[in-house]
Each structure stands twice: as structure tokens, then as C-alpha cells.
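Reader: I'd like to walk through this one with you, feature by feature. Where shall we start?

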Amino acid sequence: MGGGPAADPSGPGGARRLSVFLDTNILVRHLTQDPPAMGARATAFLQQADELLLVDLVVAELVHVLQSFYEQPRPRVAELVRAVVAFPAIVVVDPALLLRALEVYEVHRLDFAEAHLVAAAERAGIREVASFDRSIDRVTTVRRIEP
């Protein structure tokens, strides 16, 4: 599974290993193959990459684009994002947190931002989340409080 630590600047034989931050549009083009020429370029890039750093904000944007613009159902979006996180070249800061956020998003039907907030609270051992968003009440591991 992806999500390993950042690479040592010197790989085998002293060759320098480069890390690249990955933007949402590369993932969208790869997953949708829309448009086909860009999709093929994105797929080739992902297959040839050594290490691609994927930040959670980009994952949130990917979820939004797949669900809103491409009208993919929530389970399919979660499946696609899990596949991205599992891609060999992909490195994320905290894969367990990201996968838990996807689980909350899919199972409890929260927006991804709220799902990530719940997962982060759980991870930090903080059981209260201040929010006006009542959808958080669907998750029993945290308690929503309102100001």
C-alpha cells in the first residue's frame, strides 16, 4: 500500500530520488480518461513515477470532483480514492487517517471535509467536534457540540 515515508534523497547506488507533489487534475484524468489524450498521459505518468506526494486537500478535491462533476456514487468515489492511495508510487502523510476519513464519508454519508474532521478527532483522541453541521451526529465516536 502507498503511504510510506518520504524518500531518502539518495537511492540505491547514490542516485537521487525525486519526489513530486501530485495535483488533483492528474488523478481525475487518470481515473476518468476524460479527455482520452490527457487520461493516457496521466496514466503513463503515474505508472512511470517513482514517488508522488499526495496531500489530503488534493484528496478532498478529488472526492468533490468525482462526486459532483462526474456524478459518481459515494461507494464508487471511495473505491477509486482507495485505489489511488494504494497505488505503489503514492505517498500520503497518514494513510490510516485518510482511509478512516473515506470510511466515514462512505458509511456515514458525511461530506468528505466533515469525515476527515471526524477521523482527525478520533486519531487525536479528541471526542468533541464543534460544528453546526448535524450530519456529524451520525458518527458515534465523536460528539458534536454547538457554540
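Predicted model: local features only at pLDDT ≥ 70, side-chain atom pairs only at ≥ 80, totals over all residues.

Reader: How do I read a helix label, and what span does α5 have?

Author: Helices (H or I, at least four residues) and strands (E, at least two) are DSSP runs, numbered from the N terminus. The expected span of a helix is 1.5 Å times one less than its number of residues. Helix α5 covers residues 95–107, 13 residues in all, and its first and last C-alpha are 18 Å apart, close to the 18 Å expected.

Reader: Which residues of α5 are buried?

Author: Buried means under 20% relative accessible area, exposed over 50%, and partly exposed in between (1.4 Å probe, protein chains only). An α-helix has 3.6 residues a turn, so residues three or four places apart point the same way. In α5 the buried set is Pro 95, Leu 97, Leu 98, Ala 101, Leu 102, Val 104 and Tyr 105.

Reader: And what do the buried residues of α5 pack against?

Author: Their partners are α3 (56–68), α4 (74–86) and α6 (112–124); contact here means heavy atoms within 4.5 Å.

Reader: How many aromatic pairs are there?

Author: Rings of Phe, Tyr and Trp (its six-membered ring) pair if their centres lie within 6.5 Å; planes under 30 degrees apart count as stacked, over 60 as edge-to-face and the rest as tilted. That rule gives two aromatic pairs. Phe 69 and Tyr 70 make an edge-to-face one, 4.9 Å centre to centre with 80 degrees between the planes. Phe 69 is exposed at 61%, while Tyr 70 is buried at 18%. Tyr 105 and Phe 112 are edge-to-face too, at 6.2 Å and 70 degrees. Tyr 105 is buried at 0%, and Phe 112 is buried at 6%.

Reader: Which residue lies over the face of Tyr 105?

Author: A charge sits over a ring if NZ of Lys or CZ of Arg is within 6 Å of the ring centre and within 35 degrees of the ring normal. Here Arg 74 lies over the face of Tyr 105, 4.5 Å from the ring centre.

Definitions and conventions. Residues numbered from 1 in each chain as written. Heavy atoms only, no water.
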